[in-house]
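Please read this short report alongside the sequence and the coordinates. It goes from overall form to single residues.

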Amino acid sequence: MTHKIEIDVTEIRRVYGLLEEIHGFFHQPLKFRDTHLVEKFAKQHYDEIQNLYYQVVWNWLPKEVQEKITTGSG
């Protein structure tokens, strides 16, 4: 079963921007081996990660998909 959803371009740009930051950081192995740099990166980006995960992307999901995730059946 395939669902199509409409997503605001501003939200997509936020997700893309965060993925770009994550990719740029973890693309350089010496950075993610340095726990201080990882901690700094996490502190700088956690609010955006949390908001995108719990609000933005979650709200993209159809209600039936959200229910499957919350009940552990999907």
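Residues are numbered from 1 along each chain as its sequence is written, and side-chain values use heavy atoms, with hydrogens and water left out.

**Confidence.** The average pLDDT (the predictor's confidence in each residue, from 0 to 100) of the protein is 93. A score of at least 70 is reached by 97% of the residues. Among the elements, helix α3 (residues 35–60) has the highest mean pLDDT, 97. Helix α2 (residues 29–32) has the lowest, 86. Where pLDDT is low, predicted coordinates should not be read in detail.

**Overall form.** The protein has 4 helices and 0 strands. Both kinds of element are DSSP runs, numbered from the N terminus: helices are H or I with at least four residues, strands are E with at least two. From the N terminus on, the order is α-α-α-α. The radius of gyration is 15 Å, well over the 11 Å that the globule rule gives for 74 residues, so the protein is more spread out than a compact globule. That radius is taken over C-alpha atoms, and the rule is 2.2 Å times the number of residues to the power 0.38. Along the principal axes, the C-alpha atoms fill a box of roughly 40 × 30 × 20 Å.

The accessible surface comes to about 6400 Å². Carbon and sulfur atoms hold 57% of that surface. Areas come from the Shrake-Rupley method with a 1.4 Å probe; for residues, only the protein chains shown count as cover. Buried residues make up 12% of the 74 residues. Buried means under 20% relative accessible area, exposed over 50%, and partly exposed in between (1.4 Å probe, protein chains only). Contact means heavy atoms within 4.5 Å. Among contacts between residues at least 6 apart in sequence, 50% join residues at least 24 apart.

**Helix α1.** This helix spans residues 9–26 and has 18 residues. From first C-alpha to last it reaches 25 Å, close to the 26 Å expected at 1.5 Å a residue. The expected span is 1.5 Å times one less than the number of residues. At its start, a side-chain oxygen of D8 comes to within 2.7 Å of the backbone nitrogen of T10. A polar contact is a pair of N or O atoms within 3.5 Å; within protein, one must be able to donate a hydrogen and the other to accept it, and residues adjacent in sequence count only if both atoms are side-chain atoms.

V15 sits in α1. Setting aside neighbours within four places in sequence, V15 is in contact with L52, V57 and W60. V15 and L52 are 37 residues apart along the chain, yet their C-alpha atoms are separated by 7.1 Å.

H45 lies in helix α3. H45 is buried, at a relative accessible area of 13%. Beyond residues up to four places away in sequence, H45 touches L18 and E21. Q66 belongs to helix α4 (residues 63–71). Q66 is buried too, with a relative accessible area of 8%. The Q66 side chain reaches the backbone oxygen of W58 at 2.7 Å.

V9 is in helix α1, and T35 is in helix α3. G72 lies in the segment after α4. The table gives their relative accessible areas and one C-alpha separation each.

| Residue | Relative accessible area | C-alpha separation |
|---|---|---|
| V9 | 57%, exposed | 31 Å to K31, 22 residues apart |
| T35 | 58%, exposed | 38 Å to P62, 27 residues apart |
| G72 | 66%, exposed | 30 Å to T10, 62 residues apart |

Methods: This is a predicted model: local features need pLDDT of at least 70, side-chain atom pairs count only at pLDDT 80 or more; totals for chains, interfaces and linings use all residues.
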